[in-house]
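Open the model in your viewer and keep the selection tool at hand. The stops follow one after another.

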Amino acid sequence: IYDQGSSALTRQLQRLQTTASVMHTGAHPDDEDSALVAYHARRMHARTAYLSLTRGSGGQNIIGTEQSDALGVIRTEELLQARRLDGAEQLFTRANDFGYSKYRTEASRIWPEDALLGDMVRAIRMFRPDVIVSRWNGTPADGHGHHQFSGYLTPLALEAAADPTRYPEQIAAGMTPWQVQKLYMGRRLNPGATDTPSLVVNTGEYDPATGRSYFEIGMQGRSQQKTQQMGSLELHGRQLSGLQLVTSNIDAAGIESSVFDGIDTSINGLLSYEQDATSNLTGLLADLHLAAADALLQFDPLNPEALIPTLADGLEIARAARDAAKAADSKRLLDEKIEEFVSALMLAAGVSIDAL
């Protein structure tokens with residue numbers, strides 16, 4: 001419902017301005033900070049994903065009799081419906097949810113650690129996020145042993161994904177190493193605590209394009225997980241998510257306002273992937289930046305079709321820049337921009353396609 005009409009086109013035009021990407025990690029469906037996922041996808045306009053180790057087949061089911069794999073199918077669909085609302089993508093590893101576990105060591109005995117680590121590395125190398133946000137920190141404070149295992153694996157996966165000697169079968173299959181710029185872990189905000197997280201995000205911020213706050217959208221998505229009785233109040237006003245910066249390749253000074261602080265997520269920032277950027281590519285990226293900015297500036301929600309010429313020009317520039325780029329990651333990000341311009345064009349033109 002948030003990806004239709006003027007609301008969808010507004011978001012698509014905002015996405016054209018950035019190349020930001022973030023991956024959230026957890027052990028189960030419903031582990032994610034739903035409000036923060038919605039905030040990153042719909043406020044920061046970042047390509048956002050949630051990577052769940054399991055499909056939740058060991059959880060409860062308060063709406064039916066399905067258990068085990070059948071429950072995992074239902075919970076997968078519940079997650080996908082949540083993602084349709086909060087705007088993120090959904091990823092999984094092969095971990096089997098074997099029910100409640102008190103300790104990480106128990107999960108380590110049952111789960112094949114190297115295989116699951118490889119699954120996480122594969123997801124990182126495919127999605128290629130600038131930032132990873134781990135819901136759990138790998139300590140007993142996480143409670144469930146699966147939570148602890150997820151928090152324990154995430155930094156290991158971040159490190160292994162950047163190492164070309166790790167999981168060489170993935171490299172042989174055509175993947176390339178990927179260096180995540182920052183790792184954050186979720187941090188509870190306890191009243192009266194003297195130490196504060198390195199970043200506090202107000203997910204209760206109002207989104208004028210949808211008429212709701214990002215917290216409300218996140219809780220609406222969370223409420224789709226009906227088997228787990230996850231119905232959540234869609235509260236108004238200030239709602240806070242705390243994050244602790246764990247590792248960073250960025251030299252940043254002062255208090256952060258976003259997980260992307262210090263990371264160049266602009267279109268012109270694609271030049272950093274090129275070892276020897278040509279003047280042609282430099283000019284095309286500058287033109288693409290201006291085309292994306294002009295499209296957002298010119299947008300009239302009551303006359304969206306007026307944007308079609310501007311978007312068509314931007315699409316041609318994006319294709320030319322893609323042809324001029326040499327680095328694989330420049331080409332990948334420009335392929336994303338091409339798809340985003342195409343999507344914006346279809347929304348502006350009111351195109352609807354049914355395949356029979």
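**Stop one: a buried aspartate**

Select Asp329 first: its relative accessibility is 15%, under the 20% cut-off, so Asp329 counts as buried. Keep in mind that this is a predicted model. Now colour helix H11, residues 328-349; Asp329 lies in this helix.

Show side chains next. Which side chain makes a polar contact of 2.8 Å with that of Asp329? Select Arg128: its side chain is the partner.

Leaving aside residues up to four places away in sequence, Asp329 touches Arg128, Trp178 and Tyr273.

**Stop two: the sheet**

Hide the side chains and show the strands. Seven of them, in the order S3-S2-S1-S4-S5-S9-S6, form an open sheet with mixed pairing. Go to the edges: strand S3 (89-92) and strand S6 (199-202) each pair on one side only. Across this sheet, neighbouring strands are turned by 30 degrees against each other on average, direction ignored.

Select helix H3, residues 68-86. Helix H3 packs on the sheet and touches strand S2 (47-52) and S3. The direction of H3 makes about 150 degrees with that of S3.

Select strand S5 (residues 182-187) together with strand S9 (residues 240-248). The two run antiparallel, and 6 bridges join them. Zoom in on Leu183. Which residue of S9 stands opposite Leu183? Pick Thr247: that is the residue facing Leu183.

Note on methods: Residues numbered from 1 in each chain as written. Predicted model: local features only at pLDDT ≥ 70, side-chain atom pairs only at ≥ 80, totals over all residues. Heavy atoms only, no water. Pairing = 2+ DSSP bridges. Helix = DSSP H or I, 4+ residues; strand = E, 2+ residues; numbered from the N terminus. Axes fitted to C-alpha atoms, helices over the stretch in contact; angles between N-to-C directions. Contact = heavy atoms within 4.5 Å. Buried < 20%, exposed > 50% of the residue type's maximum accessible area, 1.4 Å probe, protein only. Polar contact = N/O pair within 3.5 Å; in protein donor to acceptor, adjacent residues only side chain to side chain.
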